[in-house]
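Colleague: Could you take me through the side-chain contacts of this model, with the cut-offs behind each term?

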Amino acid sequence: QTVRADTVRADIVRADTVRSDTYLTIVLHSSTMVTSRAGVLWILLIGLQGVACSLPGENVTTPIVLWHGMGDCCCNPFSMGYIKKYLEKKIPGVYVHSLMIGDNVEQDTENGFFLNINTQIELACQKIQADPNLQDGYHAVGFSQGGLFFRGLAQRCPQPRIKNLVSIGGPQQGVYGLPKCLGENHLICDYARRLLNYGAYIGWIQRLLVQAQYWHDPLAEQEYDDNSLFLADINNQGLVKNLTYKENLEKLDNLVLVKFSKDTVVDPKGSEWFGWFTSSSPSSMVPLQQTPLYQEDWLGLKVLDKLEKLHLMSVDGDHLQLDQESLDHIIETYLQV
């Protein structure tokens, strides 16, 4: 038996697709008369599904922002490009923004060595605030120094809000050595190593070299306090504490610190979990919980820890050698939410 449906104008012959970095929208044009109740229902369901999936603010998945490490760039198909595609495969419909600090990949790579970290964080903040797909919050994943920079961004750029921050091999307490270079820019890295050995706290080296700005000499703590252009400030090292840094970091849903047990790039590797040397014995390290930074709660880490929002994860491997199981665990536990 044929039953005539109410007249619905829709276009079942032609549908334009509009592509963007974030979503695929199906645009239905009004023209065709549909006279089947089943047909009407089917088109309405498909149309509503398309609209629901297309609007950035209504996406059920939380967007993800990536920040690469030293010697890398936003879009290297063997590193960040691969991670971006893998995330998109594991989390259908997710929006992934891989930060480019500069106008192209060459600038992005070079800026990882020579652009003041404070300026990089300002630029990253501007890019994130200008991205309409991130306005309801996002997860942040930083690799190597990108993990440290993201933590600085969380403290200085609270809007839009970072929900879960994952630092993969990030030197949160800085480095006191640069024993091994990664990526294709070995000449630049070797140049950086020589400058650090010459004098990381000399003014022009601090201003020139990114890695000098998170150089942390346990034998020269006062010189570090006085001359560090980035790390001493972002770790609230000085006598006067920035309470805003603490308040902003406490807003995280989760802070995940990944350490590589055989790391030969971050020296000392305990820095990846905020471990550091004691003032009485600068040759031996203590875990985060025994540092003044934690005990006096300069950054809110003690609060996060008590709320079970601070997670220390160990991976058996060298720097950034993240195995499939560990990566999937991070995705399923902290990014697929």
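**Side-chain contacts**

Modeller: Glu 250 has a relative accessible area of 23%, so this residue counts as partly exposed, a class that lies between buried (under 20% relative accessible area) and exposed (over 50%), with a 1.4 Å probe and protein chains only. This is a predicted model, in which local features need pLDDT of at least 70 and side-chain atom pairs count only at pLDDT 80 or more, while totals for chains, interfaces and linings use all residues. Residues are numbered from 1 along each chain as its sequence is written, and side-chain values use heavy atoms, with hydrogens and water left out.

Colleague: Which residue forms a salt bridge with Glu 250?

Modeller: A salt bridge here is a side-chain nitrogen of Lys or Arg within 4 Å of a carboxyl oxygen of Asp or Glu. The closest N and O atoms of the pair are 2.6 Å apart, and the partner is partly exposed, with a relative accessible area of 21%. That partner of Glu 250 is Lys 246.

Colleague: How many residues apart in sequence are the parts that Asp 253 and Arg 161 tie together?

Modeller: The side chains of Asp 253 and Arg 161 meet in a salt bridge at 3.3 Å, N to O. Asp 253 lies in the loop between helix H10 (243-249) and strand E9 (254-260), and Arg 161 in the loop between helix H5 (145-156) and strand E8 (162-168); helices (H or I, at least four residues) and strands (E, at least two) are DSSP runs numbered from the N terminus. The pair therefore ties together parts whose separation in sequence is 92 residues.

Colleague: Are the rings of Phe 149 and Phe 230 stacked, tilted or edge-to-face?

Modeller: Rings of Phe, Tyr and Trp (its six-membered ring) pair if their centres lie within 6.5 Å, and planes under 30 degrees apart count as stacked, over 60 as edge-to-face and the rest as tilted. Phe 149 is buried at 1% relative accessible area, and Phe 230 is buried at 0%. Their ring centres are 6.3 Å apart with the planes at 85°, so the pair is edge-to-face.

Colleague: Which ring does the charged end of Lys 259 sit over?

Modeller: A charge sits over a ring if NZ of Lys or CZ of Arg is within 6 Å of the ring centre and within 35 degrees of the ring normal. Elsewhere, Lys 241 lies over the face of Trp 298, at 3.7 Å from the ring centre. The charged end of Lys 259 sits 4.0 Å from the centre of the ring of Trp 273.
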